[in-house]
Structures are given as C-alpha cells and as structure tokens.
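Please look over the sequence and the structure below before reading the notes that accompany them.

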Amino acid sequence: MNKKSIMKDALILFVITLVAGFGLGAVHEITLEPIAAAEAEALAEAYQAVFPDATEFVDYPDFTTEDAQTVIDAEGYTDDTIDSCVQAVDSSGNMLGYVISATDPNSYGGDVTLSVGIQLDGTVNGYSITDISDTAGLGMKSKDEDFSSQYAGKQVDAFVVTKTGSTSDEEIDAISGATITSRAVTNAVNSTLVYYRYLIDETGGELISE
C-alpha cells in the first residue's frame with residue numbers, strides 16, 4: 001500500500017469519526033430535555049404519593065446538598081446523601097410538612113433513591129422509590145406496600161431492621177432474602193428523619209419562601 005493510499009484511508013476514517021461524533025453529540029443534546037422532563041415528572045409523582053393532601057410542593061430555599069450532608073454526617077449517615085427538600089402545602093397555603101429525597105448507595109443493586117413524606121409532628125407518611133436496580137422478587141419488593149407500609153404512620157427517631165419479627169414501631173421486618181436492600185432503604189429513610197429534625201429546629205415548621 002503506497003503512501004497516498006494510506007493518507008486517503010486515514011482521511012476517510014477521520015471524516016467518518018468526525019461525522020459520527022457530531023451525530024452522537026446531537027442525539028445526546030436532543031435526548032437531554034425529554035430525560036430531564038421524565039425525571040421531573042417521576043419526582044412530582046413521588047411527592048404526591050407520600051403527601052396526597054398537598055396541593056403544592058415548594059422548594060425549601062435554603063437547601064444545599066453540602067449543608068444537608070453536614071447534618072446527616074454528624075448523625076453517622078455518612079454513606080447517604082440528601083438530594084432535595086420541598087415543603088408540602090395545602091390548598092389554603094398551610095404548611096403540612098416536608099418531602100425529603102435521599103440516596104443510599106448500599107442496596108444490593110447499588111443506589112436506592114427515595115422520597116419520604118414527613119408531617120410537621122414527625123409522623124412518616126411513607127416513601128416512594130424513584131430509583132433502584134435490585135433483583136426482581138427480592139430487593140425490588142422494597143417497592144411493594146407489604147414492606148413500605150411498615151414505615152407509614154409512625155413517629156420515631158430512627159428505624160431499625162430486624163429478621164426476627166418487629167415488636168415496636170422502630171423495628172422493620174426485613175424482606176426475606178434481601179436484608180441488604182432492607183437496610184439501605186431504612187438508612188435512606190433515617191437520613192431524611194435526621195434532616196427533618198434539623199429543618200424543624202431551623203424553621204419551627206413554618207413555610208419558608210424566597
């Protein structure tokens with residue numbers, strides 16, 4: 001193969017790579033907006049699921065992930081992150097509580113992300129999972145009401161997972177064969193309770209706006 005042929009082949013390959021790169025970039029840009037819209041819709045549905053009495057969800061204006069991390073780190077939830085916080089408001093503009101979203105990275109399939117509704121008096125309405133990659137029939141049962149309902153309607157400082165049957169409000173029966181996921185979900189819920197108590201101390205449960 002002569003030098004001219006090599007140069008020609010190299011140029012063709014360069015053009016193909018360039019066109020492919022532009023194409024992938026264009027597809028990426030086109031899909032960004034629909035993906036963001038779908039994620040926002042899923043989050044809105046999660047908020048409503050854990051606070052059905054609310055007609056509006058207002059961003060807590062002083063929320064930052066860095067500040068929230070400091071709060072939960074101090075209570076030992078160093079693996080978890082608080083992803084967002086909104087204030088649940090009724091049709092009369094009354095503050096009902098908070099929806100706090102958190103992620104724990106230690107589920108069997110990796111990250112589990114959920115939103116927790118917490119009333120002003122600390123009663124947990126429940127949680128809604130927005131992201132999980134666990135095994136069907138095992139860790140995915142954390143999305144089922146049989147498991148998730150254990151958290152609802154309870155006022156506790158923190159939940160604990162048990163494999164021997166719950167005997168108090170604090171205890172959560174582990175999913176059979178999925179204790180790791182049960183603990184990850186519970187830790188995520190507990191981290192939101194820590195942040196909730198911080199919010200109550202900071203705001204007195206009043207609606208805070210910009």
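This is a predicted model: local features need pLDDT of at least 70, side-chain atom pairs count only at pLDDT 80 or more; totals for chains, interfaces and linings use all residues.

Residues are numbered from 1 along each chain as its sequence is written, and side-chain values use heavy atoms, with hydrogens and water left out.

Helices (H or I, at least four residues) and strands (E, at least two) are DSSP runs numbered from the N terminus, and two strands pair if DSSP finds at least two bridges between them.

| Strand paired with β3 | Sense | Bridges | Bridge partners |
|---|---|---|---|
| β4 (residues 110-119) | antiparallel | nine bridges | Val 99 and Gly 117 |

The hairpin of β2 and β3 has five residues between the strands, and Gly 93 there takes a positive phi near 85 degrees, whereas the hairpin from β3 to β4 passes through two residues. Because 10 of the 13 residues of β3 (residues 95-107) are buried, this strand is largely enclosed by the rest of the structure; buried means under 20% relative accessible area and exposed over 50%, with a 1.4 Å probe and protein chains only.

In helix α2 (residues 65-73), the buried residues are Ala 68, Gln 69, Val 71 and Ile 72. They lie on the same side of α2, because they cover an arc of only 160 degrees around the axis, taken from the directions from the helix axis to the C-beta atoms. Glu 66 and Thr 70, on the other side of α2, are exposed. The cover over the buried residues of α2 includes β2 and α4 (179-203), where contact means heavy atoms within 4.5 Å.
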